[in-house]
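Colleague: I have a structure open and would like to go through it with you. Can we start with the sheet and then look at some side chains?

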Amino acid sequence: MKKVLTTALMAVTVSALALTGCAKKEETKPAASASPAASSAASAAPGNNSGKDFKIGMVTDIGGVNDKSFNQSAWEGLQQLKKQTGANVKNLESKSDADYTPNLNQFVKDGYNLTWGIGFLMGDALKTVATQNPNAKLAIIDNVVEAPNVESVTFSEQEGSYLVGVVAGLTTKTNKIGFVGGIDIPVIKRFEAGFVAGVKAVNPNATIKINYTGAFDKPDLGKAAAATIYNDGADIIFHAAGSTGNGVFNEAKDRAKNGKKVWVIGVDKDQSLEFGDEVTLTSMLKRVDNAVARVSKDVIDNKFQGGKNVTLGLKDDGVGLPETSKKNVTADILKKVDEYKAKIISGEIKVPEKP
């Protein structure tokens, strides 16, 4: 059962949470940065102790909590919740898929009020734990687990990826562009499909080289994949590969030191804040932090809705571009981004979910 939040509902939710995490939302200004409603909410409302008696646990996938993108964003959402409500938060890192079930069970057995599984790969393990513990509350990002005690949050990654595809297609000087994915799973295919569609919409002559590394936790594989793509003449690479994507940035920075101008498009967080403006063209923001904080706050407020799936897209400010895009993306291109964003939200453009 899939319910998509309206923009108004998302604004109200964010206002209630008063989140101040890394700026990742879109606004109506050029480059689609943090929305005005979210920005004002982020600086409002002091912290309180409404959650001091609540324990929220988060289990990462194999990318680890310090992956500088997906898992880190989720953890920042819980840290902000702690700051605002006094809730007790903890994370457990999974070194392999064998850790998923025991890590989830540890939080459940320790009486946590909510246990998060972060990532598509945790779907089966979370379903098992939810079935075995019907009185426990669980939630998952990037997968749908059909269970009355689980709330699932997914994103329309293809929509935000389309917009960074527009940026890439209009920015490239070589007409060669790359995409580096982590594991070949539906959520990453949405990134790929949207990106390719966006590039082709504005630059049908561009060629796009696709490389899946098969891992979310191997920066060396990301670096090698990036080297191959750049050597083939590409000047822009979009990655959706967790900490493997850190290697893409490392390769770009090495080339920059040697006087070669190449770009990387980051993912999930505003990765220019980590890797710098010299190589970061823009990023495809995915507001995992806000989603994790919202559902967790619902538990504190006794509003948790098990058996529910929420999908967040452009109209919900669930995906988009950061304000820092204007540092390296021209005003004309950012205007095009806003035009395509409006067409996607209106339904005039239906972005594909599969390549």
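Modeller: Fine. This is a predicted model. It has an open sheet of six strands in the order β8-β7-β9-β10-β11-β13, and the pairing is mixed.

Colleague: Which strands are the edge strands?

Modeller: They are β8, residues 207–212, and β13, residues 319–320. Each of these pairs on one side only.

Colleague: How many bridges join β10 to β11?

Modeller: Five bridges join them, and the two strands run parallel. Strand β10 covers residues 263–268 and strand β11 covers residues 280–286. Within that pairing, Gly266 stands opposite Ser283 in β11.

Colleague: And what about β9, how many bridges does β7 have with it?

Modeller: There are five bridges between β7 and β9, which run parallel. One place to look is Gly181, whose bridge partner in β9 is Ala240. On to β10: three bridges join β9 to β10, again with the strands running parallel. There, Ile236 has Trp263 in β10 as its bridge partner.

Colleague: What do β9, α9 and β10 make together?

Modeller: They make a β-α-β unit, and it is right-handed.

Colleague: How many residues of β9 are buried?

Modeller: Five of the five, so β9 is largely enclosed by the rest of the structure. Both of its faces are covered. Ile236, Phe238 and Ala240 are buried on one side, and Ile237 and His239 are buried on the other.

Colleague: Let's change topic to aromatic rings. How many aromatic pairs are there?

Modeller: The count is eight aromatic pairs. Take Phe179 and Phe238 as one of them: the ring centres are 5.7 Å apart and the planes are at 65°. An angle over 60 degrees counts as edge-to-face, so that is what this pair is.

Colleague: Where do Phe179 and Phe238 lie?

Modeller: Phe179 is in strand β7, residues 176–181, and Phe238 is in strand β9, residues 236–240. The pair therefore ties together parts that are 59 residues apart in sequence.

Colleague: Is Phe179 buried or exposed? And which is Phe238, buried or exposed?

Modeller: Phe179 is buried, at a relative accessible area of 0%. Phe238 is buried as well, with 0% relative accessibility.

Colleague: What about Phe249 and Phe275?

Modeller: They form a stacked aromatic pair, 4.1 Å centre to centre with 5° between the planes. Phe249 belongs to helix α9, residues 244–257, and Phe275 to helix α10, residues 272–275, so this pair ties together parts 26 residues apart in sequence. Phe249 is buried at 0% relative accessible area. Phe275 has 9% relative accessibility, and because buried means under 20%, Phe275 counts as buried too.

Colleague: Which residues do ring pairs link into a cluster?

Modeller: The cluster is Phe179, Phe191, Phe195, Tyr212 and Phe238.

Colleague: Which ring does Lys261 lie over?

Modeller: Lys261 lies over the face of Trp263, 4.0 Å from the ring centre. That Trp263 is the bridge partner of Ile236. There is also Lys343, whose charged end sits over the ring of Tyr340 at 5.5 Å from its centre.

Colleague: Now the backbone. What is the phi of Asn175?

Modeller: About 65°, which is positive although Asn175 is not a glycine. Most residues other than glycine have a negative phi. Asn175 is in the loop between α6, residues 157–171, and β7. Its relative accessible area is 28%, so Asn175 is partly exposed.

Colleague: And what is phi near in Asn302?

Modeller: Near 60°, again a positive value in a residue other than glycine. Asn302 sits in the loop between α11, residues 288–300, and β12, residues 308–312. Asn302 is exposed, with a relative accessible area of 72%.

Colleague: Last topic, the chain as a whole. How many helices and strands does the protein chain have?

Modeller: It has 12 helices and 13 strands. Of its 355 residues, 60% count as buried. The chain exposes about 13,700 Å², and carbon and sulfur atoms supply 50% of that area.

Colleague: What share of the contacts join residues at least 24 apart?

Modeller: 72%, among contacts in the protein chain between residues at least 6 apart in sequence.

Key
Residues are numbered from 1 along each chain as its sequence is written. This is a predicted model: local features need pLDDT of at least 70, side-chain atom pairs count only at pLDDT 80 or more; totals for chains, interfaces and linings use all residues. Side-chain values use heavy atoms; hydrogens and water are left out. Two strands pair if DSSP finds at least two bridges between them. Helices (H or I, at least four residues) and strands (E, at least two) are DSSP runs, numbered from the N terminus. Rings of Phe, Tyr and Trp (its six-membered ring) pair if their centres lie within 6.5 Å; planes under 30 degrees apart count as stacked, over 60 as edge-to-face and the rest as tilted. Buried means under 20% relative accessible area, exposed over 50%, partly exposed in between (1.4 Å probe, protein chains only). A charge sits over a ring if NZ of Lys or CZ of Arg is within 6 Å of the ring centre and within 35 degrees of the ring normal. A crossover is right-handed if, with the strands pointing away from the viewer, the path from the first strand over the helix to the second runs clockwise. Contact means heavy atoms within 4.5 Å. Accessible areas come from the Shrake-Rupley method with a 1.4 Å probe; for residues, only the protein chains shown count as cover.
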